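Hi there,

Here is the two-chain model I wanted to pass on to you. Have a look at it first, and my notes follow below.

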Amino acid sequence: MSLIVNFLTNPQAADFVQNSTCQVLSEGCLKAVGRPTFTLLDKTATKEERKYSATKELLYQSFSMAAFFALIFPIKRNTFKLLKFFPQLKNCDVINAKTAKEYQEKLKQVTDKTMLTKIKGANELMSIIASGIILAVVTPQIVTRLVHPIMNKLSPDETKNKLDKKA
Amino acid sequence: MKNFNNIVDKIITRLGTSNDSEICTAALAAFKLIFIPFATMSDKKSTKEQKNYALTRDFLTEGVALAGYIGITRVVKNNLTAPICAKYYKEKAHDLVKQKKLDINSVDYKTLTNIDKAALKNHAMNEFLDENAKKFTKNQTEHIEALENIISKFSNIQNPKDLYINTKKVISHVSVCILALTLIPYITNKLIYVLSKVKSQDSKPQKTNTTINTTLKPFSMAEYMNNTRLGGLNVFNR
């Protein structure tokens, strides 16, 4: 069986790509390679503009992936505490869990398939919202403060020349 | 409030049943479309040109990403899943013939190698999304029943419904990855090129009004050497 068909039809691969953490991490790592490369290849902008945009993009993607990797797992472990805000899960005992261990035990006792689907979906929804806050709100603010010091360190001569010109 | 609860209910049911890659990545692209340009605007140390370029690029990239993840991924998975599933059954049939578990002239072999793609898609989607599912024709129902009969004889072949759903999930993710790595930045580059062309065309009439005053300067060897960075050789002072 050819490798590509084998990979595309693999049930384990399908399970793996269902996880939003895996989706964000794989997409983000590819973006960290693709976007700065294409920015540097763009000949419509000047060298300075391209350099700033590519450095910002590379920094943003790598920093956001690191931040995401560090924050998402502790967040995911605690999303069960927010399940009580979903009126759809009101009748489920899972929302009364106080610790992660208790939540796992109560989750095993749920037999209703629809309820299990909704619990899984609610967890994924919160994970997506948390990823959005980490990647789109927190990280860009930090990266915009880091981009200039890092650019200066990467090419100190050019910034010196700029300062000389300004003077 | 009831409508809001219904929407949330639909979202969590959809995410719980099949959390396809494009949902999460499109949601993140929408988040970034709003917040990243704000962060770029708040950068006070960059020049106006750098900021304008980065802002245009951020906005276009996330816009293209949002449209691409929703549009292109959907088209790709709707059109490629059934052919790949058919290819899977065809290759499985060849493997079984090689292992001498299946006769090449048998009806089972012919069924496995000639999959009705539309029937396969309908069969998988029927349980998945009831509203969108099309009704089966008699031939399609018979074809799927025959396929399920063959599969029950062998342990290592996936049933049509599971196969279709699994393949759809993986194709969706592969499509998102290809879009993220190459297509989205490539389309953004092309769009920026078009924008810059439009911008330069807008600024052209202003340029034609100005008269160009060209006067020939007398040739200076020293200036030429300086301009071509040969001044360092100090030719004239020897």
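Lys100(B) is exposed, with 7 other C-beta atoms within 10 Å. By the cut-offs used here, a residue is buried if 20 or more other C-beta atoms lie within 10 Å of its own, exposed if 12 or fewer, and partly exposed in between, with C-beta atoms placed from the backbone. Lys100(B) sits in the loop between α3 and α4 (107–113) of chain B, and its phi is near 60°, a positive value in a residue other than glycine. For background, most residues other than glycine have a negative phi.

Before you go further, please note that this is a predicted model: local features need pLDDT of at least 70, side-chain atom pairs count only at pLDDT 80 or more, and totals for chains, interfaces and linings use all residues. Residues are numbered from 1 along each chain as its sequence is written, while chains are lettered from A and ligands numbered from 1 in the order in which they are written.

Now to chain B as a whole. It has 8 helices and 0 strands; helices (H or I, at least four residues) and strands (E, at least two) are DSSP runs, numbered from the N terminus. Of its 238 residues, 35% count as buried. Among contacts in chain B with a separation of 6 or more, 70% join residues 24 or more positions apart, a contact being two residues whose C-beta atoms, placed from the backbone, lie within 7 Å.

Where do the two chains meet? The contact takes 52 residues from chain A and 57 residues from chain B. On the chain B side, α7(B) gives the largest share, 19 residues. That side divides into 26 nonpolar, 19 polar and 12 charged residues. Here Ala, Val, Leu, Ile, Met, Phe, Trp, Tyr, Cys and Pro count as nonpolar, Asp, Glu, Lys and Arg as charged, and the others, Gly among them, as polar.

α6(A) and α2(B) pack at an angle of about 25°, with their axes 9 Å apart. That makes α6(A) roughly parallel to α2(B). Residues meeting there include Leu135(A) and Val137(A) from α6(A), and Phe31(B) and Phe35(B) from α2(B). The contact of α6(A) with α2(B) holds 12 nonpolar, 5 polar and 1 charged residues.

The other pair is helix α3 (residues 20–41) of chain A with helix α2 (residues 21–41) of chain B, packed at an angle of about 60° with their axes 9 Å apart. α3(A) and α2(B) are therefore oblique to each other. Axes are lines fitted to C-alpha atoms, for helices over the stretch in contact, and angles run from 0 to 180 degrees between N-to-C directions; under 35 degrees counts as roughly parallel, over 145 as roughly antiparallel, 65 to 115 as roughly perpendicular and the rest as oblique.

Finally, the largest nonpolar core has 64 residues. Such a core is a set of buried Ala, Val, Leu, Ile, Met, Phe, Trp, Tyr and Cys residues joined through C-beta atoms within 7 Å. Ala122(A), Leu28(B), Tyr69(B), Cys85(B) and Leu120(B) have the most contacts inside this core, and its largest share, 13 residues, comes from α7(B). Beyond its neighbours within four places in sequence, Cys85(B) is in contact with Ile115(B), Leu120(B), Leu163(B), Tyr164(B) and Thr167(B).

Best wishes
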